[in-house]
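Please read them with the sequence and the coordinates open beside you.

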Amino acid sequence: MTRFLLALVLTATLAGCGFHLRNKLMLPADTAAVQVVSTAPYSELVKLLRRGLQASGAQLADPDSTGPASQLQVLSERWGDLPIAIDAQGRAQEYSLRYAVIFIFRREDGSELVPQQVIELSRDYVSPPTDATGTTTEREILADELRREMSASIMRRIDSVVRAELEHGRAPAKPGTTPAVTPAATPTPAPAVPADVPQGH
């Protein structure tokens, strides 16, 4: 009983801090080891994505490897602060921190496994015009949270797209392959309406 109670407490604690057990990332069996590439290769998002892929069961390629590898490409990272509230003097005192990322997942032969996707996240924060130091600290904390959430969102998006394709039996085709064509069904003629039955009732 004691062990059972401890397990319940531990589970509740982990759930409370945002930790959730996850299944392995769904990728086709022939997917090569994955490289995470970006215009900013040392960005925190790239590090988070590499850790997320590894934790979810994907095989990572060596960043310096020149061999064939699938690529999770971060095409763009953009940040923005949008004023959403002003004080009596017309000075902005509350902002919405916006974070948008464009990415694409390619096979080792360059074909698209997951088409180009855009994810945008935001968080609101208060920025009193007379307290710039506190605002900077709060913004940095929010930025870290948004990066972690963005990494998780990208992983979920990849997983959902691939699962949807596989469940419908149409995993993205590689170049040079011809998808199977399903014969069109022969339309069934509509039943004739007897002449003595009024139509529209």
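1. In this predicted model, strand 1 is the element that gives the most to the lining of the second largest pocket, contributing four residues. The space in the second largest pocket comes to about 280 Å³.

2. Which residues line the second largest pocket? The lining consists of Gln 35, Val 36, Val 37, Ser 38, Pro 41, Tyr 42, Val 46, Lys 47, Arg 50, Ala 61, Pro 63 and Asp 64.

3. For orientation, the secondary structure of the protein chain amounts to three helices and four strands, and the order in which they come along the sequence is α-β-α-β-β-β-α. The protein chain has 201 residues, of which 28% count as buried. Among the contacts in the protein chain with a separation of 6 or more, 67% are between residues 24 or more positions apart.

4. Ser 56 deserves a look of its own, and it is found in the loop between helix 2 and strand 2, the latter covering residues 70-86. Is Ser 56 buried or exposed? Ser 56 counts as buried because its relative accessibility is 8%, and the cut-off for that class is under 20%. A polar atom of the Ser 56 side chain lies 3.0 Å from the backbone oxygen of Gly 52. When its neighbours within four places in sequence are left aside, Ser 56 is in contact with Lys 24, Leu 25 and Met 155.

5. The count of salt bridges comes to six, and one of them joins the side chains of Glu 44 and Arg 51, with an N to O distance of 3.8 Å. Glu 44 is partly exposed, with a relative accessible area of 34%, and Arg 51 is also partly exposed, with a relative accessible area of 49%.

6. A further salt bridge is formed between Glu 120 and Arg 98, whose closest N and O atoms are 3.4 Å apart. Because Glu 120 lies in strand 4 (residues 112-126) and Arg 98 in strand 3 (residues 92-106), this pair ties together parts that are 22 residues apart in sequence. Arg 98 counts as partly exposed, at 31% relative accessibility.

7. How far apart are the closest N and O atoms in the salt bridge that Glu 149 forms with Arg 123? They are 2.3 Å apart, a value that a reader may wish to inspect in the coordinates. Glu 149 lies in helix 3 (residues 132-167) and Arg 123 in strand 4, so the pair ties together parts that are 26 residues apart in sequence. Both partners are partly exposed, with relative accessible areas of 27% for Glu 149 and 28% for Arg 123.

8. Ser 96 is found in strand 3 and is buried, with a relative accessible area of 3%. The side chain of Ser 96 makes a polar contact of 2.9 Å with the side chain of Arg 98, and Arg 98 is also the partner of Glu 120 in a salt bridge. Leaving aside neighbours within four places in sequence, Ser 96 is in contact with Gly 80, Asp 81, Leu 82, Ile 84, Ser 122, Arg 123 and Asp 124; among these, Arg 123 is the residue that forms a salt bridge with Glu 149.

9. Gly 80 lies in strand 2 and is partly exposed, with a relative accessible area of 24%. Which residues does Gly 80 touch, not counting residues up to four places away in sequence? They are Ser 96, Leu 97 and Arg 98. The C-alpha atoms of Gly 80 and Ser 96 are separated by 8.1 Å, while the two residues are 16 residues apart along the chain.

Note on methods. Residues are numbered from 1 along each chain as its sequence is written. This is a predicted model: local features need pLDDT of at least 70, side-chain atom pairs count only at pLDDT 80 or more; totals for chains, interfaces and linings use all residues. Side-chain values use heavy atoms; hydrogens and water are left out. On a 1 Å grid over the protein atoms alone, a cavity is a set of points where a 1.4 Å probe fits but cannot get out, and a pocket is an open set with protein on both sides within 12 Å along at least five of seven lines; lining residues have an atom within 4 Å of a point. Grid points are joined across faces, edges and corners, and a volume is the space filled by probe spheres set on the points. Helices (H or I, at least four residues) and strands (E, at least two) are DSSP runs, numbered from the N terminus. Buried means under 20% relative accessible area, exposed over 50%, partly exposed in between (1.4 Å probe, protein chains only). A polar contact is a pair of N or O atoms within 3.5 Å; within protein, one must be able to donate a hydrogen and the other to accept it, and residues adjacent in sequence count only if both atoms are side-chain atoms. Contact means heavy atoms within 4.5 Å. A salt bridge is a side-chain nitrogen of Lys or Arg within 4 Å of a carboxyl oxygen of Asp or Glu.
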